[in-house]
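Let's take a walk through this model, one region at a time. Keep the sequence and the 3D view side by side as you read.

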Amino acid sequence: MTKADNMLSILWMLRSGKRMTAQQLAEKLEIHVRTVYRCIDSLCASGVPIIADSGPNGGYRILDGFSESPLLFDSDERKGLIHAAVFAREAGYPHSEAVDRAVDKLKRYTNEKQLDRLERHSGGLSVIYPPLTGKYRTFLQVLEEAAGQWRTLEMEYDRGKGDSPSTRSFDPYGIVYWKGSWYAVGHCGYRGEPRSFRVDRIIALRETEGRFERPASFSAKDFLLGSLLPDSGSQELETVRIKAQEQALNELCQHWLFGHALAERSPEEAVFRLERSTFDSYVPYFLMPYGTALKIESEPLVRRMAEVASRMAAYYESTLSQLTVERKLLDE
């Protein structure tokens, strides 16, 4: 018999619920015991939950309930898996090839009508995310694998501040996809504490022989959000009242910082409690694209936005003058 025939025979014998040793299976099938071991390994790799019990009454058996719970999906479940595969692929999920293979298997075991429905649903959903190059997809695979094996990595990282890249040991606790970017969260050997790192700023990753143990209660997602969201207990907060059309306010409230700081909301007015320190960083730059569509009732924030707008206007006026001079020189 072929290996596939042997695997199927072993599966049917174990589905009876009776424990059988490798020697008993080999005698029943008239094959070598080593062939049984290889078939058992292949069945486990394909997802069959075979358990090996030791002792006088031991042997191989299938996990209780497996034979009564076949892996069958209804039409909505199949559609959900197809759409999840689209999201994973477009977001740069590091193992999207494996997801695609699983979808191919799903399609392979459907009839013509079911397959046509799946194809129509897969073509009816599109997702737009920033493209992820092969280099960073490889980094994500290394990070995810190291997180699963609790293996320490050596990471070369560019902080994006114009400094030279730094090298550090890194224990990856998990990877997080947030707002179009991938983050690696774990223990930083350089800082001696948990940190988060943007994967697109990683220069190089190298595996080491080091091992770590991830804290049982640690959540990579919660840590990342906690490091990004303001700590209202330690910062001076400013009440910012913004009036605008409902659609503009809806967009504003969906931003992670403003949504977190929302205190009051009506159709055409929103009140936020924002850190004063953020006025000097990205808050003015996020609000700038709205132009005059927002009426901001906060003197410190309006003053800061006026400063930013004046500096940007001066920069582009200077750039325009330089371009005009260059153009005149070319014309001459």
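Is W150 buried, partly exposed or exposed? W150 is partly exposed, with a relative accessible area of 36%; here buried means under 20% relative accessible area, exposed means over 50%, and partly exposed is in between (1.4 Å probe, protein chains only). Before going on, a word on the ground rules: this is a predicted model, where local features need pLDDT of at least 70 and side-chain atom pairs count only at pLDDT 80 or more, while totals for chains, interfaces and linings use all residues. Residues are numbered from 1 along each chain as its sequence is written, and side-chain values use heavy atoms, leaving out hydrogens and water.

Back to W150, which sits in the loop between helix 7 (134–149) and strand 3 (151–157). Helices (H or I, at least four residues) and strands (E, at least two) are DSSP runs, numbered from the N terminus. The backbone is worth a look here: phi of W150 is near 55 degrees, a positive value in a residue other than glycine.

E30 shows a positive phi too, about 60 degrees, although E30 is not a glycine. You'll find E30 in the loop between helix 2 and helix 3, and with a relative accessible area of 74% it is exposed.

Two packed helices are described by the angle between their axes and the distance between the axes. For helix 2 (residues 22–29) and helix 3 (residues 33–45), the axes come within 8 Å and cross at roughly 105 degrees. Axes are lines fitted to C-alpha atoms, for helices over the stretch in contact, and angles run from 0 to 180 degrees between N-to-C directions. Helix 2 and helix 3 are therefore roughly perpendicular to each other (under 35 degrees counts as roughly parallel, over 145 as roughly antiparallel, 65 to 115 as roughly perpendicular and the rest as oblique). On the helix 2 side, A22, Q23, L25 and A26 meet V33, V36 and Y37 of helix 3, with contact meaning heavy atoms within 4.5 Å. By class, that contact has six nonpolar residues, one polar and no charged ones; Ala, Val, Leu, Ile, Met, Phe, Trp, Tyr, Cys and Pro count as nonpolar, Asp, Glu, Lys and Arg as charged, and the others, Gly among them, as polar.

Next, the aromatic rings. Searching the whole structure turns up eleven aromatic pairs. In one of them, the rings of F218 and F223 have their centres 5.7 Å apart and their planes at 35 degrees, so the pair is tilted. Rings of Phe, Tyr and Trp (its six-membered ring) pair if their centres lie within 6.5 Å, and planes under 30 degrees apart count as stacked, over 60 as edge-to-face and the rest as tilted. F218 is buried at 17% relative accessible area, whereas F223 is partly exposed at 24%.

Finally, turn to helix 12 (residues 299–331). Its buried residues are L301, R304, M305 and V308, and the buried residues of helix 12 pack against strand 8, helix 11 (283–287) and strand 11 (295–297). R304 has a relative accessible area of 14%. Leaving aside residues up to four places away in sequence, R304 touches F279, D280, P284, Y285 and R311.
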